[in-house]
Protein chains: 2
Amino acid sequence: MNDGASPSIPQLLSPQNATDLFHSVDAFLFDCDGVIWKGDKLIDGVPHTLELLRSKGKKLIFVTNNSTKSRRQYAKKFHSLGIAVTEEEIFLSSFAAAMFLKVNEFPPEKKVYVIGEEGILDELELAGFIGLGGPVGAVVVGLDQYINYYKLQYATLCIRENPGCLFVATNRDAVGHMTDLQEWPGAGCMVAAVCGSTQKEPIVVGKPSTFMMDFLLKKYQISTSRMCMVGDRLDTDILFGKNAGCRTLLVLSGVTTQSTLQDPTNDILPEYYTSKISDLLNLLGP
Amino acid sequence: MNDGASPSIPQLLSPQNATDLFHSVDAFLFDCDGVIWKGDKLIDGVPHTLELLRSKGKKLIFVTNNSTKSRRQYAKKFHSLGIAVTEEEIFLSSFAAAMFLKVNEFPPEKKVYVIGEEGILDELELAGFIGLGGPVGAVVVGLDQYINYYKLQYATLCIRENPGCLFVATNRDAVGHMTDLQEWPGAGCMVAAVCGSTQKEPIVVGKPSTFMMDFLLKKYQISTSRMCMVGDRLDTDILFGKNAGCRTLLVLSGVTTQSTLQDPTNDILPEYYTSKISDLLNLLGP
């Protein structure tokens with residue numbers, strides 16, 4: 001966890017503490033939606049900020065609850081926006097779901113029923129699991145724009161009636177920016193629907209669960225105390241960072257407003273906050 | 001509430017206590033699915049049981065969380081199965097949703113967005129509310145076999161972004177018998193989906209909420225202590241009966257098994273239980 005000296009009240013990022021943070025971490029973990037882009041639009045100053053951090057030797061890691069895309073598709077999205085990111089730097093909740101089954105030695109002869117989109121099916125296939133047909137031993141639920149009653153019914157039957165059937169949620173984000181104009185229901189909507197009909201709770205593998213951290217640590221030999229999680233959501237990104245023992249920086253470029261952060265009912269407090277990641281450019285100086 | 005002499009352990013219905021119960025109540029409140037029928041099939045002995053109760057002067061009232069039908073459609077279903085029931089004897093959660101808006105003086109110029117089927121739209125129209133288009137001031141969610149992402153999105157936007165928008169759930173039943181062969185997700189599935197994306201809790205108007213009891217009491221001048229709620233679900237029917245201060249009889253012809261009833265984790269205990277309502281025929285004698 002954070003060192004004892006961390007103040008409990010979030011500090012606005014300043015030239016002084018930005019420089020301190022910069023020197024005390026080796027890796028920045030970025031959420032994407034609301035931090036790097038909104039919908040299909042890059043947030044102001046992002047490419048330069050990432051370039052600066054890379055040029056100073058910082059590792060950049062992208063940890064997202066997106067489940068609709070595979071790592072390959074996500075890397076393509078970065079490239080299409082002019083940012084060079086490799087598949088290895090991306091940790092998606094679709095990948096986390098596949099890895100969850102893998103580390104739990106899910107038998108390859110059993111099938112996985114998916115409420116979700118291509119990303120989950122792709123990552124399951126890459127991990128050697130079959131996503132359709134046959135006896136179902138696991139149901140994976142993520143964001144699904146094509147949700148319908150029959151998918152909900154099949155998932156419900158599998159979970160209620162197949163003994164030992166796993167119920168895995170990629171994440172429980174309430175809403176997300178499918179477009180940059182308005183919020184759309186997130187995976188939390190489909191996951192809640194299946195909870196409602198099965199009256200069971202899922203295993204969540206995306207943020208704020210630290211399940212993905214194990215895979216990330218295998219690739220990067222960096223102590224979590226020298227990582228900084230940068231995100232726009234308190235209940236996923238910042239909680240994930242705190243759960244994992246990382247430094248935390250909230251950006252106000254996504255779903256969280258300053259008044260939500262400072263509301264007395266909010267008990268998820270980041271170490272720092274700022275309006276957007278490119279503030280680092282100015283604060284860190286040349 | 002029940003009189004202090006009621007034993008806390010559910011009693012199997014016997015000739016003795018069935019006769020006692022029969023004489024101490026003036027009205028039987030029946031859940032339908034799992035009690036009167038399963039899917040489209042009448043449960044064994046139902047018509048004779050209802051005839052016997054009517055011939056002895058008991059009021060028969062049908063209190064159901066079904067939201068897909070209006071009272072008119074529901075009366076038709078009874079008739080098609082050879083049972084004479086009037087619309088006035090039927091209390092549906094679709095009707096309850098319309099009445100909820102009425103008693104809360106919902107302004108007629110505001111629109112109601114419905115995730116649900118014809119029953120809700122019909123009952124809203126009968127109560128003078130408009131179910132589509134215009135500024136939305138209430139979202140009513142019931143069972144919807146045609147649920148899709150855009151319905152969820154619209155409901156989510158209305159609830160999150162229209163100040164004061166009501167979120168009304170007809171009921172939260174996890175599953176129901178759409179067919180008599182297997183269980184299908186109930187309104188609880190769609191309601192949970194909207195809770196998941198809005199992170200708000202609905203006002204529930206169906207069982208176990210006693211909202212419907214006010215309307216029922218207006219029609220029938222009977223004290224709730226002289227009513228017996230007969231149902232197959234613990235968390236809706238029996239809880240409703242107990243919340244309203246009725247006598248309670250659980251039938252095992254629907255979703256609840258004897259082992260669920262007697263499981264130590266179950267704390268919703270009916271006063272009596274029996275396998276099906278027609279047991280009354282034999283127990284009460286000629």
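I superposed the copies by least squares on the C-alpha atoms of residues with pLDDT of at least 70 in both. The model is predicted, so I kept its cut-offs: local features need pLDDT of at least 70, side-chain atom pairs count only at pLDDT 80 or more, and totals for chains, interfaces and linings use all residues. I number residues from 1 along each chain as its sequence is written, letter chains from A and number ligands from 1 in the order in which they are written, and take side-chain values from heavy atoms, with hydrogens and water left out.

**Symmetry**

I laid chain B on chain A. A turn of 180° with a shift of 0.0 Å along the axis gives an RMSD of 0.0 Å. The two copies are therefore related as by a two-fold rotation axis. I then looked for the residue of chain B that comes closest to that axis. Ala193(B) does, with its C-alpha at 2.1 Å. Both copies use the same surface: 100% of the contact residues of chain B recur in chain A. Contact here means heavy atoms within 4.5 Å.

**Sheets**

I took helices (H or I, at least four residues) and strands (E, at least two) as DSSP runs, numbered from the N terminus. Two strands pair if DSSP finds at least two bridges between them. In chain A, 7 strands make an open sheet with parallel pairing, in the order E1-E15-E14-E13-E2-E5-E6. Its edge strands are E1 (11-12) and E6 (90-92) of chain A, each pairing on one side only. Strands E13 (residues 227-231) and E14 (residues 247-251) of chain A run parallel and are joined by 4 bridges. I checked one partner: Cys228(A) bridges to Arg247(A) in E14(A).

Chain B has an open sheet of 7 parallel-paired strands, ordered E1-E15-E14-E13-E2-E5-E6. In chain B, E13(B) and E14(B) run parallel, with 4 bridges between them. There I noted Val230(B), whose bridge partner in E14(B) is Leu249(B).

**Helix H9 of chain B**

Buried means under 20% relative accessible area, exposed over 50%, partly exposed in between (1.4 Å probe, protein chains only). In H9 (residues 234-244) of chain B, the buried residues include Leu234(B), Ile238(B), Phe240(B) and Ala244(B). Asp237(B) is also buried there. Among the elements covering the buried residues of H9(B) are strand E13 (227-231), strand E14 (247-251) and helix H8 (211-219) of chain B. Gly245(B) follows H9(B) and has a positive phi, near 80°.

I looked up Val140(B) in strand E8 (residues 136-141) of chain B. Val140(B) counts as buried because its relative accessibility is 0%. Beyond four places in sequence, Val140(B) touches residues including Ala97(B), Val112(B), Ile120(B) and Val168(B).

Next came Asp122(B), in helix H5 (residues 118-126) of chain B. Asp122(B) is buried, at a relative accessible area of 16%. Leaving aside neighbours within four places in sequence, Asp122(B) contacts Ser70(B), Arg72(B) and Gln73(B).

**Cavity**

I searched a 1 Å grid over the protein atoms alone; a cavity is a set of points where a 1.4 Å probe fits but cannot get out, and lining residues have an atom within 4 Å of a point. Grid points join across faces, edges and corners, and a volume is the space filled by probe spheres set on the points. The count is 1 cavity of 30 Å³ or more. The largest cavity holds about 30 Å³ of space. Which residues line the largest cavity? They are Val175(A), Glu183(A), Gln153(B), Thr156(B), Leu157(B), Arg160(B) and Glu161(B). Helix H6 (residues 149-161) of chain B gives the most to this lining, with 5 residues.

Conventions. 1 Å grid on protein atoms, 1.4 Å probe; cavity = no way out; pocket = protein on both sides within 12 Å on 5 of 7 lines; lining within 4 Å.
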